[in-house]
Protein chains: 2
Amino acid sequence: MGISERKEREKGEMKKMITTAAMKMFLEDGYAKTSIRNIADSIEYSPGTIYLYYKDKDELLYEVQAQAFLQLLETFKTKAISKNPIERLEQLGKAYVSFALENPELYDLMFIIRAPMNVDEDLHKDNGVATFNCLADCLEECMKNGLLIFKDPVQAGLQVWSMMHGLVSLNLRCRLKVMAIEEESIKPVLFKAVEEYLDSIVV
Amino acid sequence: MGISERKEREKGEMKKMITTAAMKMFLEDGYAKTSIRNIADSIEYSPGTIYLYYKDKDELLYEVQAQAFLQLLETFKTKAISKNPIERLEQLGKAYVSFALENPELYDLMFIIRAPMNVDEDLHKDNGVATFNCLADCLEECMKNGLLIFKDPVQAGLQVWSMMHGLVSLNLRCRLKVMAIEEESIKPVLFKAVEEYLDSIVV
DNA sequence: CAAATATACTGAATGGTGTTCAGTAAATCC
DNA sequence: GGATTTACTGAACACCATTCAGTATATTTG
């Protein structure tokens, strides 16, 4: 019967409505300053209704994080298209840094809360994994052709991602202030860092 | 007259009493779960009293952060003592990673909140700067002797710090899960990363 | 079709939060 | 010794996340 299907669909639409409003408000006002009440207000439902669709505020955040990782994955797919794996690696790195610079609040959201993939064994649709694999695959292709200094693919992924994440997260937390880098030169400085670093890991 | 001096001293003692309790509770229960009321309770004063010494909860955090940076600086000074700047660089890197692994809550506290040094022009006693300079000085000495691949000292500091921060912060936010690194091998894997990376930047 | 049930939603209530401020009591000053 | 400054209190304010008895609508059953 079509009724249960319609119900399912309506449930999905409601969840989307909530997450869309939540994402908008998280980005505009920050996670901490966005209350369930505010979200409920903005979609014209009572606060209790949100709890019929999401266990708590954290679960709402996880949903938004999943969407954010998907967004980053999309960026990778459109910006890192070179057939040459080394070139593609640079495209990935710059896409990552650009993403963080252009969506600082979103990037922050993706890394605020500890253990967002803590449902552990659960088959939590993990966009984070898919996004990381985009990088891992590229590194693997580079290494297969002996183009990188790494011997261990785990180390390769760890080090490259750490460098990218380190660059953008130190910037987002304003820790670059201690290096006296002026605001307007941040982007070129970070891009230079990506280029120099990637140059330093090709054989 | 000695009265105002005693008052000054007592004020300082009170501030220390508050920050000590705050640090303890931030580390035990986390920043978000620690309330001004809880802190007041633990030192047996009323909530209002805390506001006579600190403007708000954030200012309390900044104080704790300053102390944490001082603590990291101390770690650097005791663990990075080699005369050889390249050796010292490795000691610094490992000290940094160890510090984060051994004090995860503290490290988190140092990088949770956006713009902690946002009093800007104010001569906010900046332990963060002093700590970073420890690294910057070491890098400068290496570069002066032509031991590193870097040409620009700013890039050197940025890249090295980014790698260290990236490694430990991805770990703290449980983002290493996507690489399927087992819990017990995290420390050796991170140390290996530090060694490999530093090897890759010496000429 | 009507009664029974299931679903979707409400909004007040609970027990918290950061922060303020009138009031009080003690210490210091004149 | 009276006036004033200082240190502190704790109730009050405006929020917060979350829960849950109650209601109204939709669906199913007899």
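Guide: A polar contact is a pair of N or O atoms within 3.5 Å; within protein, one must be able to donate a hydrogen and the other to accept it, and residues adjacent in sequence count only if both atoms are side-chain atoms. This is a predicted model, in which local features need pLDDT of at least 70 and side-chain atom pairs count only at pLDDT 80 or more, while totals for chains, interfaces and linings use all residues. Residues are numbered from 1 along each chain as its sequence is written, chains are lettered from A and ligands numbered from 1 in the order in which they are written, and side-chain values use heavy atoms, with hydrogens and water left out.

Visitor: Which element gives the most to the surface near DNA strand C?

Guide: A polar side-chain atom of T49(A) lies 2.3 Å from a phosphate oxygen of DNA strand C, and one of R37(B) lies 2.7 Å from a base nitrogen. Two or more residues each come from α3 (47-53) of chain A and from α1 (2-29) and α2 (36-42) of chain B; helices (H or I, at least four residues) and strands (E, at least two) are DSSP runs, numbered from the N terminus. With four residues, the element that gives the most is α3(A).

Visitor: How far does a polar side-chain atom of Y51(A) lie from a phosphate oxygen of DNA strand D?

Guide: Of the 20 residues around DNA strand D, R6(A), R37(A), Y51(A), T49(B) and Y53(B) come nearest. From a phosphate oxygen of DNA strand D, a side-chain N or O atom of Y53(B) is 2.4 Å away and a polar side-chain atom of T49(B) 2.3 Å. For the polar side-chain atom of Y51(A), the distance is 2.7 Å.

Visitor: What area do chain A and chain B bury between them?

Guide: The contact (heavy atoms within 4.5 Å) takes 48 residues from chain A and 48 residues from chain B. Buried area is the accessible area (1.4 Å probe) that two parts lose on being put together, summed over both. Carbon and sulfur atoms hold 65% of it, and the total is about 4,000 Å².

Visitor: How many salt bridges does the rule find across the interface of chain A and chain B?

Guide: The rule finds 14 residue pairs in polar contact there, with both residues at pLDDT 80 or more. A salt bridge requires a side-chain nitrogen of Lys or Arg within 4 Å of a carboxyl oxygen of Asp or Glu. The number of salt bridges found across this interface is zero.

Visitor: What is the angle between the planes of Y96(B) and Y107(B)?

Guide: Rings of Phe, Tyr and Trp (its six-membered ring) pair if their centres lie within 6.5 Å; planes under 30 degrees apart count as stacked, over 60 as edge-to-face and the rest as tilted. The whole structure has 13 aromatic pairs over all chains. Y96(B) and Y107(B) form an edge-to-face pair, 5.7 Å centre to centre, with an angle between the planes of 80°.

Visitor: How many residues apart in sequence are the parts that the pair of Y96(B) and Y107(B) ties together?

Guide: Y96(B) lies in helix α5 (residues 85-102) of chain B, and Y107(B) in helix α6 (residues 104-112) of chain B. The pair therefore ties together parts whose separation in sequence is 11 residues.

Technical notes
A residue is near a molecule or strand if one of its heavy atoms lies within 4 Å of it.
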